[in-house]
Amino acid sequence: MAPQPTPEPTRTEPGSTEAPAEPRGMAAARIRFGRVLRVESGDFYLLLGTTLFLVVFGLVMVLSSSVVESRIEDGGAFVQIGRQAAFAAVGVPVMLLASRMPQRVWMLLAWPAMAVSCLMQLLVVATPLGVEVGGNTNWISIAGFQFQPSEMIKVSMVMWLGLIVTKKQAQLGDFVHGVLPILLVGGGSIGLVLLGGDLGTVMIMGAMLIGALFLVGIRIRLLIGPVLVAALLFVIVAFSSENRMKRIMSFVQESCTKVDVDACWQIQHGTFALANGGVFGVGLGNSAAKWSWLPAAANDFIFAIIGEELGLIGAIVVIAMFVLLAIAFARVLRGARTPFGKAATASVMVWVIVQACVNIGVVLRVFPVLGVPLPLVSAGGTALLTTLFAIGIVLSVARNPDGGGSGRWLRSGAPATAGAAR
């Protein structure tokens, strides 16, 4: 058979208006993926890289810490890590997709998201759909799927704070007309979570609200009163529950001889796990505490397993990564040029960093047991998915500090800014 002639490559004459041929197949896919990750700011890559490292590290530690309990409770050693990996596989693309959105999209979604998430939380505390876990009614079960609406409220609050700070930019120096309405609506959503008894999540959400307002420039004197009222309410609620009182007493007393053994068990065995790890750890997968000695080893006390298996060095690396994450958030906050960008970034930064500090502090016996997971690391699908989504919002601010967007979202008009929501 005679060889077929090779077709001449298509050429475009100088001055021709004919567009070059569109890339197809794998080449087109590579170009599109490259566009997703193309960004001018190094802050974007710093935040994205640190987040992805913590997610991957968390999957490894969830696998190591959950195999025993997963085999006992779920009938398979890899059931819990399978669920966590599935949520990570969904959450990372969601985060990257969120990073592509202009800020006006989040402002349009703010009120609907807040209304839906608060309605879901109301179903938790006011209907039989609510599920009690660890003494707190903070879960909802629908069609066999169980999740935490309080985590949805956190994300909604990020968008809502960005919107409301944008709208009330000129009134933020006035307590009655500027700050008070924000505290009433935000405090109302936090109150719904408080009805379920989850004091740890309430504390994180309260820190989000007050911390974000402070970081966007509201004067301290306008926030002192609300902080004192919130602290008083926190103390009253903490001492109103016998279970919480036992946790507080187990924290206050150096030895638990005068407290219920069950209240001291978790914190004591968390300390034992850290002591067993020493400087270099006993080795990945070799924890003794995870053999049903330490409750919530893959969730609230995963830092104890990290300290046992990877030692002081591993624990310091984890803390260093959260410090790096805080630096990334701070750089994005400094570079944001819109009220929405500043408020949203500030609220996510306070959420993730304060929650990490509380979780690690509980394991180190700096705080009483509050039942909050280590962000991006602990097992928990709802928490992982919502945290990644919230970080995606911050990545969108890092990509477009002036509030604009790219691609088809802005083809019909000029770049959106925070002023569009006024």
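Residues are numbered from 1 along each chain as its sequence is written. Because the model is predicted, local features need pLDDT of at least 70 and side-chain atom pairs count only at pLDDT 80 or more, while totals for chains, interfaces and linings use all residues, and side-chain values use heavy atoms, with hydrogens and water left out.

**The whole chain**

Begin with everything shown as a cartoon, where you can find 13 helices and 3 strands; these are DSSP runs numbered from the N terminus, with helices being H or I of at least four residues and strands being E of at least two. Of the 422 residues, 46% count as buried, where buried means under 20% relative accessible area, exposed means over 50% and partly exposed lies in between, using a 1.4 Å probe and protein chains only. Among contacts (heavy atoms within 4.5 Å) between residues at least 6 apart in sequence, 71% join residues at least 24 apart.

Next select residues 130-133, 136-142 and 145-147, which are β1, β2 and β3. They form an open sheet in the order β1-β2-β3 with antiparallel pairing, and two strands pair if DSSP finds at least two bridges between them. Both β1 and β3 stand at the edges with a single partner strand each, so one side of each is left without a neighbour in the sheet. Between β1 and β2 there are 4 bridges, and V131 stands opposite W139 in β2.

Move to G191, which lies in helix α6 (residues 175-195) and counts as partly exposed at 26% relative accessibility.

Now select T201 in helix α7 (residues 199-215). Is T201 buried or exposed? With a relative accessibility of 5%, T201 counts as buried. Its side chain is joined to that of D198 by a polar contact of 2.7 Å; a polar contact is a pair of N or O atoms within 3.5 Å, and within protein one must be able to donate a hydrogen and the other to accept it, while residues adjacent in sequence count only if both atoms are side-chain atoms. Leaving aside neighbours within four places in sequence, T201 is in contact with N138, S150, K154, V193 and V372.

**The nonpolar core**

Select F322, L325 and F329, the residues with the most contacts inside the largest nonpolar core, which has 101 residues. Such a core is a set of buried Ala, Val, Leu, Ile, Met, Phe, Trp, Tyr and Cys residues joined through side-chain atoms within 4.5 Å. Beyond neighbours within four places in sequence, L325 is in contact with several residues, including L47, L54, I353 and L376.

From L325, step to its contact L376, which is found in the loop between α12 and α13 and counts as buried at 4% relative accessibility. Phi of L376 is near 70 degrees, a positive value in a residue other than glycine. R365, which has its place in the loop between α12 (339-363) and α13, has a positive phi of about 65 degrees although it is not a glycine, and R365 is partly exposed at 27%.

Finish with helix α13 (residues 381-399), whose 19 residues should span 27 Å at 1.5 Å a residue, in agreement with end C-alpha atoms that are 27 Å apart; the expected span is 1.5 Å times one less than the number of residues. Helix α13 is mostly covered, with 17 of its 19 residues buried.
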